[in-house]
Amino acid sequence: MAEKSCVDVSEFEKVRYQITKDENSADWKLAKTFEYTTAYRKTDNDAIFKFVSKVVGVPLEDCVRLVTDLEVRRRYDKTFTEIKLLEDAGEYQTIYWYSPLPFPCSDRDLVQNVKVITDETSKTTFVVALNATHPDAPETSKVVRAETLLSVSIIRSDESDPNSSVLTTIAHTDMKGLLPDFIVNGAILSSGDSWRSNLVKFYNEVYIKEKE
């Protein structure tokens, strides 16, 4: 039986600090452009991605909730068919994510310790995820357990439009399994706008109406 991760909460802040410095560095190369999302790869590692999305028509407060509230996230995030809160430790949550993949690929899952950090000065929210284990989500032979090497989402108000937000995601995931890296990285790149697209569609078609 897997043991719970022993989490030093200062690790979340270390990752946030590093990402704050790294986010706008010159160490990124343009990889793909969508209508509302621009994808980059790290110049020294093609497996590290940065997606910068303009979330049009979704104000900062709503965008933060759509990203961080698991009950809401389950309703629109099509990448993961199962999102389960394993433990709420107060300062962070341990979350299980399950993603079905088309044949002949094996399905993937993840366990992460996730902490939401809000910088009141800059009005910026950071969602920092660290790789984790948990006894309620043991690895199985039917699903490949991926490993989170880096995962940070940064949510800000759009300076050019206060009724919109900017969602930046920087991620490095070891998908494990036997698939060649170029296939895995190509699939990640191709799906780079799907999270934003599903979020905005749910917001416009469901979320706003439920708020009224």
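1. In helix H1, the residues Phe12, Val15, Arg16, Ile19 and Asp22 are buried. Viewed along the axis of H1, these buried residues fall within an arc of 130°, so they line one face of the helix. An α-helix has 3.6 residues a turn, so residues three or four places apart point the same way. The model described here is predicted.

2. H1 covers residues 10-22, which makes 13 residues. From first C-alpha to last it reaches 18 Å, close to the 18 Å expected at 1.5 Å a residue.

3. What covers the buried residues of H1? The cover includes strands S1 (28-33), S2 (37-42), S6 (108-119), S7 (124-131), S9 (147-158) and S10 (161-174).

4. Strand S10 has pairings of its own to consider. With S9 it runs antiparallel, joined by 11 bridges, and the two strands form a hairpin with 2 residues between them. Arg156 stands opposite Val166 in S10. S10 also pairs with strand S3 (residues 45-55) in the antiparallel sense, over 7 bridges; here Phe49 stands opposite Ala171 in S10.

5. Strand S5 (residues 93-99) has 6 of its 7 residues buried, so it is largely enclosed by the rest of the structure. S5 pairs in the antiparallel sense with strand S4 (residues 82-88) over 6 bridges, and Lys84 stands opposite Tyr96 in S5. The hairpin of S4 and S5 has 4 residues between the strands, and in it Gly90 takes a positive phi near 90°.

6. S5 pairs with S6 as well, in the antiparallel sense and over 7 bridges. In S6, Val114 stands opposite Gln93.

Technical notes:
Residues are numbered from 1 along each chain as its sequence is written. This is a predicted model: local features need pLDDT of at least 70, side-chain atom pairs count only at pLDDT 80 or more; totals for chains, interfaces and linings use all residues. Side-chain values use heavy atoms; hydrogens and water are left out. The expected span of a helix is 1.5 Å times one less than its number of residues. Buried means under 20% relative accessible area, exposed over 50%, partly exposed in between (1.4 Å probe, protein chains only). The arc is that of the directions from the helix axis to the C-beta atoms. Contact means heavy atoms within 4.5 Å. Two strands pair if DSSP finds at least two bridges between them.
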